[in-house]
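Here are my notes on the model you sent over. Have it open while you read, and look up each residue as it comes along.

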Amino acid sequence: MSENPETTDGATTTSAAEVVVEAEAPPEEVTAELAEDMHIATGTREPILVSSGVTMQFGGLRALNDVNLSLHEGEIIGLIGPNGAGKTTFFNCLTGLYTPTSGQVVLRGKPMPQDPARVTEAGVARTFQNIRLFPSMTATENVLVGRHVRMKQGPISSLLHGPRFRRSEAEAAERAEKLLAFVGLTRFSEELARNLPYGDQRRLEIARALATDPSVLLLDEPTAGMNAQETEATRQLIFAIRDLGVSVVVIEHDTKFIFTLCDRVLVLVQGELLVEGSPDEVRGDPRVVEAYLGAPPEEVSAQLQTGGAVDGAGTAEGKSE
Amino acid sequence: MTATATPETPATPAPAPRHTGRFARLLDAAAPRSTVLMIVGGVLTLVGGYLPWATFVLNEGPYPEKATLNFFVDPFGVTGFRLHLVILGLAAIVVAALRRIPARHRIVRGLGIGATVVALINGLWITVEGGGLGAITASEGSIAFGSIAALLGGLVTVLGASAGGLERKPVWTWKLPWWAEWILLVVLFVIVLLLVAAVLTSGGQGGVVNPYAGVVFLSLLAALGGAFAALNASGLLTWVSVVSERHRTFSVIVLLIVALLLPLTSAGTEYWMTVASNIGVYAATAIGLNIVVGLAGLLDLGYVAFLGIGAFVAANLSGAAASHIGIHLPFVLVMIISSVVAGMFGAIVGSPTLRVRGDYLAIVTLAFGEIFVRSAQNNIGGLTGGANAIPNIPAMGVGDFKFSDSIVIGSLRLPSGVLYYFLIVLLVAAVMLVFAHLKYSRLGRAWIAIREDEDAASAMGIRTGPIKILAFLIGAMLAGLAGAFFAHKTAVVAYDSFRFLESVTLLAAVILGGMGTIPGAVLGASILFVLPEKLREFSDYRLLLFGLALVLIMRFRPQGIVPDRHRKAELTDPDVEDVAKEGPGPLPTRVEP
């Protein structure tokens, strides 16, 4: 956990340190090389991604109501909330899958395009809640698809396979190799994506998203279904991604994971932004406990205070709605 | 020779395996005597091959004059399918007896299946042609004994082999010096050429004169299939494909040369050159369709319309008397124009279909195919000739020299039509090159990504709209190119060559051969367009047979004859094929959170 000197003021509390789980972080030299290749950090102090007043209406259902968010370079923001709070809907609004009913999203001062492909081109990449790899392609090919948007081959050059084509293929292959090393999947590079173990599929999805050279990475439940060790490895991976200069927004149910990972946490409840602040502030906020658990029984509240995992689904019977 | 034979699965005597499934009891009972059963089956197959039934209908003449026991007169005089049965039977006996051969049971099973199918085809033929089911009864004498004996032999062989437990396919890692491997590849490709020629010409031209064409052809196909299965089981085919992969460029060049040598074999007559050229046309079209369906995953049920557009454009620009345009351009220009026009139509059809997926896309393309056929039938704009077609399209040529002429070089006389054959071979090779280059490029990966998961693809920055149109456009251009050739070769272009049925057959060729692969499309097109040629007498049942073949293929090999991607995995994991055979589709390894 030493790789993150700036993991925020005291967020790494005792409870996280107690459960020591061995997990490998990406090798430093790979991270350094990748950071150089990707060239993402610009050193700006302005927020790079700003959503203001994003509202999403599906028929009579207001899935999002006036959600504001500003993401700074090199920041990791956590997005938590009970199931159905609108977290994934918000991601879809950010990435152009949905057009917000009102409000707007601005990336580096420009309005976000309303088309997933152009959003990716502009520098926002995402992973999916239920893994959506290309199952019949190898791990390397999956990452190469991620390079699509940064490669300059047209149909003619694809047809001729000339020297420029070969150079761009070689570059893409080299980058794919580095990215697979970065997420620790080198041994699976020629394996079909559908044959990978579950946790590795999630890592491959992250590698594929990183291949698009994003300045903002949106991770939708990156540790769902993972054990403690895999979760810890993912945490290290996200820190390393931040070190590449990529700003990250994470949706997660595992609050311990979020509180030890993020610089800032947003709590979304029934489409509204309930609380925003540092992990400590959010953790101590009685409204958060109430949103998750309904009436706050003392012991659960205490457990939440110490950073125990609270799953929205697992506590459904305690919820008021 | 630095041969190092290291089969990864050593030939251990298989412990009596416990079988599961419907035939478990039978197989368990047969397990201890598996070797004996295999040998008995082989002997029965041999006997079947030597019984005189085999002579009576297919090779020697009508029953009963020639249905003699000429086995005694001419002990080794076996030809045709009798020869195949004898070879399959002998091979089964030898392999079964040699316990040190790895994957022995699997090899013998392949041989047994081959013998069974050969016997079945011929037995059925006898019952159909030789007086119905009655021909099998004892009163008809010895005629059907052979087929029954061989059928029994084949089944017993398969039983014994399956009971003995099927081993993993062995992996061979021999590495010969490069010149030895080159020679080996050349020899193998020449053998393939001879086999192709034999298959193509087997049974002769079908039709009223020669009602045996179909069955002789099918029988040879079955025998070759059995031999192929056995070779595949031995792991040697995989090894050869690894070797040819090692010398990729060399293999491709040799293959091209070998293909150009076909006119020098027994297939070197005008008739077979025409058949081969037609296969080439459909193979090129199928590869184009493979881009749309196999790579980009866009189901196109009206694809043959692009072949038709190419053909009609070529017909109109080549100075045919019936054409209203009345200009005669050089054929190279005509081919380019046809291809471009077809491509434009491809893009036009592609654009409105961008918003529909899956079934809806299929319906839209189906409608386009129908619109094309109806328009052509009604002689739209006077361009298609309607029911009169556009006849007398001049042959391609340079000056006075026509492509349809025969060539005489010294004492070597090549049949007429041979130049068309050369041209279509080069055309197919070019189309293959286009396909392969596109498949392994940014564009090809984008197509495959769209096929696998369109939403994820667009989240990766792929602009799915233009990329899909490009698939339609390139696929249509390739079909248009083939269509222009088709117009010149057949000299007549009529609307009814481009009906819905042709689209379906093309699609079947792609699916049958294996989606997304070149050999698959070529093989599929060859099978589906040679079969009708051979099975003229079955033409009424053509669709029935197609349907049957498709159902069987989808049941036993859902990924097609030449599967995509699995091949790579197959080289490293010999069991992948069995996994695929267990059930349709891949096992879900994904856990939904």
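1. Of the 593 residues in chain B, 51% are buried, where buried means under 20% relative accessible area, exposed over 50%, and partly exposed in between, using a 1.4 Å probe and protein chains only. Chain B has 24 helices and four strands; these are DSSP runs numbered from the N terminus, with helices being H or I of at least four residues and strands being E of at least two. Take the contacts in chain B with a separation of 6 or more: 77% of them are between residues 24 or more positions apart. Contact here means heavy atoms within 4.5 Å.

2. Some ground rules before we go on. This is a predicted model, so local features need pLDDT of at least 70 and side-chain atom pairs count only at pLDDT 80 or more, while totals for chains, interfaces and linings use all residues. Residues are numbered from 1 along each chain as its sequence is written, chains are lettered from A and ligands numbered from 1 in the order in which they are written, and side-chain values use heavy atoms, with hydrogens and water left out.

3. Ala163(B) belongs to helix H7 (residues 145-163) of chain B and is buried, at 0% relative accessible area.

4. Now to where the two chains meet. How many residues does the contact take from chain A and from chain B? It takes 43 residues from chain A and 33 residues from chain B. Together the chains bury about 3500 Å², with 58% of that on carbon and sulfur atoms. Buried area is the accessible area (1.4 Å probe) that two parts lose on being put together, summed over both. On the chain A side, Phe134(A), His148(A) and Arg194(A) supply 18% of the area buried against chain B, more than any other three residues.

5. The interface of chain A and chain B has four salt bridges, a salt bridge being a side-chain nitrogen of Lys or Arg within 4 Å of a carboxyl oxygen of Asp or Glu. Asp455(B) and Arg132(A) meet in a salt bridge, 3.3 Å from N to O. Helices H4 (116-122), H5 (139-147), H6 (155-160), H7 (163-183) and H8 (198-210) of chain A are the elements that give two or more residues to the side touching chain B.

6. Have a look at Arg208(A), in helix H8 of chain A. Is Arg208(A) buried or exposed? It counts as buried, because its relative accessibility is 0%. Beyond its neighbours within four places in sequence, its contacts include Phe134(A) and Asn142(A) in chain A, plus Ala456(B) and Met460(B) from chain B.

7. Over all chains, the count is 25 salt bridges. One of them joins Glu370(B) and Arg374(B), at 2.9 Å from N to O. Both sit in helix H15 (residues 359-377) of chain B, four residues apart, about one turn of the helix. Glu370(B) is partly exposed at 26% relative accessibility, and Arg374(B) is partly exposed at 43%. Shared partners also link Glu33(A), Asp37(A), Arg147(A), Glu174(A), Arg175(A), Lys178(A) and Asp213(A) into one network of salt bridges.

8. Two backbone spots to check. Most residues other than glycine have a negative phi. His161(A), however, has a positive phi near 50°; it is in the loop between H6 and H7 of chain A and is buried at 15% relative accessibility. Ala103(B) has a positive phi of about 55° and lies in the loop between helix H5 (80-97) and helix H6 (104-129) of chain B.
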